[in-house]
Amino acid sequence: MAGASDTEPVTTETPTPQPSRRRRKKSLVWEHFTIEAVSGGCTRACCKLCKQTFAYSSGSKIAGTSHLKRHIALGSCPKIKNQEKKMLALTSGSKTDENSSEPPPKRRYRMSGFANAAFDQDVSCVYLAKMIIVHDYPLHMVEHPAFISFVQSLQPRFKMVDFNAIEAEILAIYQKEKQSLMQVFGTMLGRVSLTIGLWTTSQTLGYVCLTGQFIDSDWRLHRRMLNFMMVSSPHSENALSEAIGVSLSDWNMKSKLFTITLDNNCSSHDIYSANLRDHLSNKNTLMLKGQLFVVRCYAHILNVVAQDVIASIHGIIYNIRESVKFIKASPAREEKFAEIALQLEIPSTKTLSLDVTTQWNTTYLMLVAALEYKQAFTVLETCDDNYNEAPSTEDWKKVEIVCTYLKLLYDSANIIMATADPTANIFFHEAWKIQLELTNATLNEDVLVSSFAKEMHEKFDKYWKDCSLVLAIAVVMDPRFKLKLVEFSFSKIYGADAVRYINVVNDSIHELYLEYVAQPLPLTPAYEEQGEVTTSNINGNENGSGIGNDNNRPTTLVSNGDGLQDFDLYLSEMAVNQPTKSELEQYLEESLVPRIQEFDILNWWKLNNLKYPTLSKLARDVLAIPMSMVSTGSSIFASGTGSRVLDDYRSSLRPETVEALFCAKDWLQYLPTMAEPPSTAIVKMEF
């Protein structure tokens, strides 16, 4: 009986070849050990490198793997110890004394299977190039001695490349990703809209950055950088036109350009617009006679208006900024100011903060907080001889008025930034409310209020006049609002003249729709089986192809055998005399979609693509217009205020290298492989 109990655990507990394979999958230690059976039903673990054996199981008891891990990870194995000495010699540049009595430092972490670890020089070079691209590192870092030493300590077999080699690797990555993107554009169903950004350098040269925005076949919004070109004079209209022409040819999109969004100062906008239209009109079919061709950046106008009104009270803002600095200079002053606020029973919970002068939102927040403590500043000036920066009552009134209208811009900017993929339709909501508030404020009886409002309205009104049509057409493509919101908002802005402006939008959307009707529309599988009449209706013909032509009228009618052939003929004639409504008319007459916060407009059009095959083409292009040039995740408050400056290092590189760095960085961020570790990743062994 006892013998039977002794043998039973051997079959269940002692690893046989099959269970051992299972156990090796569970523990990393079995990459270095094998199990060998010995007499008496016992087994021992044998090190693959030094051939030493260790107890593993004796009968029903298993020793575990902790002592085996220590043998490998703590350097007890003489073979691993020898490898470690050789590695240290390679990294330090000196020979290893194999007779040295001083053991190498013990490490807790080691690369799993170091002797058999896969290494590929080319793959490592690609990852190095991508690291430089994604993180904006200088290319010359590959020649820095400290970086070379660091890399060699990680992988002695890696042969460090020089500047020319890493530059070639970056250009190769750029070309590979460009080919992939060109395939995407080749299958693009709609048109692409461009944004143009200007970059200057410390030299007389500059760069033009062109980015394309489009909606793919699955109704997802994409924004990709297309070119980053050097131009001799970036503020020249001819340079911009030439850069756009080169980009369209480079990407084979001459017939697919829809709109261009510019980020430049107001005074030169008309020059750009006229020049670009003239340059491109003979190369592209501009929709709606080019009325939608040039769009101005919404973020840019918010910044221009905000910075102008802030500049109008720069003296007062200076005093407030210095006051905040004075209070925050020491804990004693902060404590004293808090006591004054407590005595005055100021209910504000806001904290005084200093602004960043290049970001107007921080200036607004500084003013709002200071405004709550205006009485405390006055009291502080009377009881502290070192402080004499308190604004006057008149100054505080100006600050209050400015903050009232800055809040409009601030809230609008935050709403735009809160949208993950802002489609064109959301910008109408923001723009018309600001236009209405500023228009009403210019008529305010308070001279101070009207003076500030007029200054802000002058700039914003120019934007509204330039872009209200494209903004309105975009919101018409929102099934929650259609023309109803345009009618409502225009009646508030224009009063008795609203009908005239509403008709302009209505006529424009119908004219634009007819231009899409005239374009060929490929059949979809759902419609191919429905015959020619259905096909013609899909293509947008109001009466169908040939339905109103006597030659095409069916000569024979299929009878149902009920003696109503004359009734069938009557129905056929009625169908000819009463043509069906267009997709646009059907869309506009249908009830509005309920307004829910999580509404996905692109998904709505995806689901209604078959119902409105022609109108959905129009919606795809219009909704993809980049009303703001600010990319997702970036701040609106510091953008669009003029040309950006390329640093001296990037300026010293070849133009094609600069373009490869900028474009590849943009493209690589969308690749899922950038988030995956390489195949030779270090394995962390835990004990």
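**Note on cores, a surface patch and salt bridges**

1. Y570 sits in helix α22, residues 565-577. The model is predicted. Y570 counts as partly exposed because its relative accessibility is 46%. With L564, F567 and L571, Y570 forms a nonpolar patch on the surface. Together the four have about 390 Å² of accessible area.

2. The largest nonpolar core has 118 residues. Y298, F377, F428, M477 and W605 have the most contacts inside it. Helix α17, residues 447-476, gives the most to this core: 17 residues. A second, separate core has 59 residues, including L139, C209, L210 and L646.

3. Look at M477. Leaving aside residues up to four places away in sequence, M477 touches I509, Y587, I601, W605, L615, L618, A619, V622 and L623.

4. The whole structure holds 22 salt bridges. One of them joins R654 and E167, at 3.3 Å from N to O. This pair links distant parts of the chain, 487 residues apart. R654 is in the loop between α26 (648-652) and α27 (655-668), while E167 is in helix α7 (residues 163-186). R654 is partly exposed, at 39% relative accessible area. E167 is buried, at 8%.

5. D355 and R321 form another salt bridge, with the closest N and O atoms 2.9 Å apart. D355 lies in the loop between α12 (331-343) and α13 (360-372), and R321 lies in helix α11 (residues 314-328), so the pair ties together parts 34 residues apart in sequence. Both residues, D355 and R321, are buried.

6. Two further items. E589 pairs with K581 in a salt bridge, closest N and O atoms 2.7 Å apart. D216, D218, R220 and K606 are linked in a salt-bridge network.

Key: Residues are numbered from 1 along each chain as its sequence is written. This is a predicted model: local features need pLDDT of at least 70, side-chain atom pairs count only at pLDDT 80 or more; totals for chains, interfaces and linings use all residues. Side-chain values use heavy atoms; hydrogens and water are left out. A nonpolar core is a set of buried Ala, Val, Leu, Ile, Met, Phe, Trp, Tyr and Cys residues joined through side-chain atoms within 4.5 Å. Buried means under 20% relative accessible area, exposed over 50%, partly exposed in between (1.4 Å probe, protein chains only). Helices (H or I, at least four residues) and strands (E, at least two) are DSSP runs, numbered from the N terminus. Contact means heavy atoms within 4.5 Å. Patches are made of residues with over 30% relative accessible area and no salt bridge: like charges are joined within 9 Å, nonpolar side chains (Val, Leu, Ile, Met, Phe, Trp, Tyr) within 5 Å. Accessible areas come from the Shrake-Rupley method with a 1.4 Å probe; for residues, only the protein chains shown count as cover. A salt bridge is a side-chain nitrogen of Lys or Arg within 4 Å of a carboxyl oxygen of Asp or Glu.
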